[in-house]
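Hi,

Here is the model I promised to pass on.

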Amino acid sequence: MSAETDYFSQFPDIAYEGENAGELSYRYYDKNRVVMGKTMEEHLRFSVCMWHTFCWPGSDVFGGGTFDRPWLSHDVGAEAAAMKRRTALEFVRKLDLPFYCFHDVDVMEPADNVADYRQRFATAVDHLEELQETTGRRLLWGTANLFSDPRYAAGAATSPDPEVYAWAALQVRSAMDATHRLGGSNYVLWGGREGYETLLNTDLGRELDNFGRFLSLVVEHKHKIGFEGAILIEPKPHEPTKHQYDFDTATVYGFLKRYGLENEVQVNIEANHATLSGHTFEHEIAMAGALGIFGSIDANRGDHQNGWDTDQFPNSVEEMTLAMIEIIRAGGFKTGGFNFDAKVRRQSVDAEDLLHGHIGGVDVLARALLNAERIIEDGRINEFRTSRYAGWHGELGRTIHESTTSLSDIADLAIDRDLRPRHRSGRQERLENLVNRHM
Ligand code: XUL
Ligand code: CO
């Protein structure tokens, strides 16, 4: 039985080797290196996801699985599920990354009734607890898959059928309890089917209220069981639904406000979801930072030519540097981290490809962190930004914010002082040059 866990045994443990690093080692990610007061490991908090790396067989909408992984090939029973769990935790250990993430259904054999679901998931969680102990790995977040089973075709918390809603409650309670027991740092809700295909058959207002009720119940359960991690919503504008309610960070914030949950729930921002919603990745991070709901990151990119979720490992140091600056401005990760919700390409069929994907993603983000450190220590970009808003510390800026000041007071000030504001350069090209000098 142990031979099965040796899927990666032909490869060495992956370690930092610096300048002369071979391809199966880290060139930039030196986990103990201190950057701006924290180690790289503490800043980046890397996590491997179970679903793309160990469950996805290499299928796409036009063809079946291409991967020949022993736990996927034929038997999808208890043994295969156990093999998958062992191999996954061993892989995270081999990469020397601290965390992993899973959906309930990723770690267990399939179950189509309540009794099997509960029993099989419980077995899986017992096993994961043991494996966390023996490999020294931790859980960044847990979640429930409320989108793959046909019962969720019309939504889970936004299904027209309350029986489906109750099944969703069963899965979410189970996954939250498991996350708590396994010492997870966060619990994530991604509402892939919480949206609609056509308004002709959709009562949008009712669905939002049902969804708000669900999230309130999740928060209540968190407090009831004493889970101290963060509850995170992962925004995405569409795919699989035509329209997803958690469209982007700003939309999620409006939703949280409406249901009084803005101090209870944060966001898990995915790079590829940000670009699908027409924003840059760094925009979503900055928005979450400004609204006080920045939680965690799914670090997978899209393809600049394709309008769907290609879930690729990050490989643009420049784009990730801009994102890293915003993460640092938002105060960095507290409970969150960088989860690789990323998959190797369908033609990358070997065990080795999984290592290259993760090593590349880790090194790109490590390099981005080092660039961000240089840019921040250089100081000129932040100085420019501060000086651009200096007027708000002056008399007029302060008056505008005084609670006794009215719109007419401000208008009259403009008249009395005959204000003629002058144009001032935003210096965009200079600032872009400063960034590029540190790449
Ligand atoms: C789907 C997606 C999910 C969530 C977890 O686009 O990102 O894998 O991260 O359910
Ligand atoms: Co994701």
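Predicted model: local features only at pLDDT ≥ 70, side-chain atom pairs only at ≥ 80, totals over all residues.

Ser-316 sits in the loop that runs between strand S11 (294-298) and helix H10 (317-329); helices (H or I, at least four residues) and strands (E, at least two) are DSSP runs, numbered from the N terminus. A polar atom in the Ser-316 side chain is 3.0 Å from the backbone nitrogen of Glu-319.

Residues are numbered from 1 along each chain as its sequence is written, chains are lettered from A and ligands numbered from 1 in the order in which they are written, and side-chain values use heavy atoms, with hydrogens and water left out.

Now the ligand. Which residues are around ligand 1? They are Trp-51, His-103, Trp-141, Phe-147, Trp-190, Glu-234, Lys-236, Glu-270, His-273, Asp-298, Asp-309 and Asp-341, going by a heavy atom within 4 Å of the molecule. By class that shell has 4 nonpolar, 2 polar and 6 charged residues (Ala, Val, Leu, Ile, Met, Phe, Trp, Tyr, Cys and Pro count as nonpolar, Asp, Glu, Lys and Arg as charged, and the others, Gly among them, as polar).

Some of these residues make polar contacts with the ligand, meaning a pair of N or O atoms within 3.5 Å; within protein, one must be able to donate a hydrogen and the other to accept it, and residues adjacent in sequence count only if both atoms are side-chain atoms. A polar side-chain atom of His-103 is 2.7 Å from an oxygen of ligand 1. For Asp-341, a side-chain N or O atom is 2.7 Å from a ligand 1 oxygen, and for Trp-51 the distance is 3.1 Å. On its own, ligand 1 has 290 Å² of accessible area, and the protein covers 94% of that (Shrake-Rupley method with a 1.4 Å probe; for residues, only the protein chains shown count as cover).

Thr-249 is in helix H7 (residues 249-258) and counts as buried because its relative accessible area is 0% (buried means under 20%, exposed over 50%, partly exposed in between, with a 1.4 Å probe and protein chains only). Its side chain makes a polar contact of 2.9 Å with the side chain of Glu-284. Beyond four places in sequence, Thr-249 is in contact (heavy atoms within 4.5 Å) with residues including Pro-235, Val-267 and Ile-293.

Thr-53 belongs to helix H2 (residues 50-55) and is buried too, at 2% relative accessible area. Among the contacts of Thr-53 outside its sequence neighbours within four places are Arg-69, Phe-91 and His-358.

Asp-30, in the segment before strand S1 (34-35), is partly exposed at 21% relative accessibility. Leaving out neighbours within four places, Asp-30 touches Tyr-16 and Met-40.

As for the whole chain, it has 15 helices and 12 strands. Buried residues make up 50% of its 439 residues. Of the contacts between residues at least 6 apart in sequence, 76% join residues at least 24 apart.

Cheers
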